[in-house]
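Visitor: I am new to this structure and would like to go through it step by step. Could you show it to me, please?

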Amino acid sequence: MNTSTQLQEFPVTDRIDVEIPVEGGISLHAWLYIPVSGQGPFPAITMAHGFAGLKYRALSDYAEYFCSLGFVVLVHDHRNFGLSGGEIRGDIDPWQQIADWRRVISYVESRPEVDPNRIGLWGTSYAGGHGLVLGATDRRLKAVTVQVPTISGYEQSLRRIKPEDRASVEAVYDADERAQLAGEPPARRAVVSLDPEVPAAYRSAKLIAYHELFPLPEGVEAAETITVRSSRRAAMYDPGQFVSRVSPTPLLMVVASHDETTPADLALEAYERALDPKRLVVVADGHFESYTKHLRETRAAAGTWFLEHL
């Protein structure tokens, strides 16, 4: 795409609800945005939210903006969340999500409105980690943006769990495994709670406030609980190992300097290991403010990157 058109906005089509078939006989629910102006086939961007995140929470603001720049945009919810299929609700497997996202990329390139040689990916938080893995291993992607990405689930877990509590956390994980062997369903915990007596993945007032900013529409299942094994998998997930392999695909990394969820120092260290072409944008704030207070800044940075490379 000619960068002389950078940040020129066009009318946006109404979004279309689509279902994308993935492994296991289920479908992912997604929004498809198609530009009303311009001559297709268009470049495209595929998007997804992070750990237990739903597309209803801020992603339409990014998708509509990217579409206004002349991109077909597809935003999906991961299996087991929102209106996407899946029997064990709230169960998060990063590698299954990555496999599903490859199928989404196949769907995007099959759309008649899309130029299959100009597809980019935008992923945030946990899905930002997926973006690093996919950028490094799927060359159908011609540009990648990762916003406040997960770099090392292991390092994050060390910071979230006090050393004296680690043995009890491992005991919970092991008990869950034994119970499943005996035929019990996976144990569950809250996504977020400030009550120390309530087992939860996060203790974050900011995450609670972020959810309150984006109430879910009627008929959409709230991701209030997840499986305990999702947290164990998260602690085993280190997508930052792939960062140096994304090149030659262009990589934009958006980092929040005071990120309390995906630590900035891990992201900045990963950026140093990334190879060109790459660009770093740092917003002086926390994780969730990247979607709200700094929305215009973060989406403009991504829009410029995609215009340059797609």
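Visitor: What is the strand order in the open sheet of 3 strands?
Guide: The order is 8-7-9, and the pairing is mixed. Strands here are DSSP runs (E, at least two residues) and helices are DSSP runs (H or I, at least four residues), both numbered from the N terminus; two strands pair if DSSP finds at least two bridges between them. This is a predicted model, in which local features need pLDDT of at least 70 and side-chain atom pairs count only at pLDDT 80 or more, while totals for chains, interfaces and linings use all residues. Residues are numbered from 1 along each chain as its sequence is written, and side-chain values use heavy atoms, with hydrogens and water left out.

Visitor: Which strands stand at the edges there?
Guide: Strand 8 (200-202) and strand 9 (225-227) do; each has a single partner strand, so one side of each is left without a neighbour in the sheet. On average, neighbouring strands of this sheet are turned by 40° against each other, direction ignored. For such angles, axes are lines fitted to C-alpha atoms, for helices over the stretch in contact, and angles run from 0 to 180 degrees between N-to-C directions.

Visitor: And how many bridges join strand 7 to strand 8?
Guide: There are 2 bridges between strand 7 (residues 188-192) and strand 8, and the two run parallel. Val-192 is found opposite Tyr-202 of strand 8.

Visitor: Now the sheet of 8 strands: what is its order?
Guide: That open sheet has the order 1-2-4-3-5-6-10-11, with mixed pairing. Strand 1 (16-22) and strand 11 (278-283) are at its edges with a single partner strand each, so one side of each has no neighbour in the sheet.

Visitor: Do strand 1 and strand 2 pair in the parallel or the antiparallel sense?
Guide: They pair in the antiparallel sense, over 7 bridges, and Asp-17 stands opposite Trp-31 in strand 2. The two strands form a hairpin with 3 residues between them, and Gly-24 in the turn has a positive phi of about 95°.

Visitor: What about strand 5 and strand 6, parallel or antiparallel?
Guide: Strand 5 (residues 114-124) and strand 6 (residues 141-147) run parallel and are joined by 6 bridges. Leu-121 stands opposite Val-144 in strand 6.

Visitor: Staying with strand 5, is Ile-119 buried or exposed?
Guide: Ile-119, a residue of strand 5, has 0% relative accessibility and counts as buried (under 20% relative accessible area; exposed is over 50%, partly exposed in between, with a 1.4 Å probe and protein chains only). Its contacts (heavy atoms within 4.5 Å) include Ala-44, Ile-105, Leu-141 and Leu-310. Ile-119 and Val-72 are 47 residues apart in sequence, with 9.3 Å between their C-alpha atoms.

Visitor: Back to helix 1: at what angle does it pack with helix 9?
Guide: Helix 1 and helix 9 (residues 295-309) pack at about 40°, with their axes 10 Å apart.

Visitor: Which residues does Ser-290 contact?
Guide: Leaving aside neighbours within four places in sequence, Ser-290 is in contact with Tyr-62, Gln-147, Val-148, Leu-295 and Thr-298. Ser-290 lies in the loop between strand 11 and helix 9 and is buried, at 0% relative accessible area.

Visitor: One last topic: where is Gln-96?
Guide: Gln-96 is in helix 2 (residues 94-110). It is partly exposed, with a relative accessible area of 22%. Not counting residues up to four places away in sequence, Gln-96 touches Glu-23 and Arg-79.
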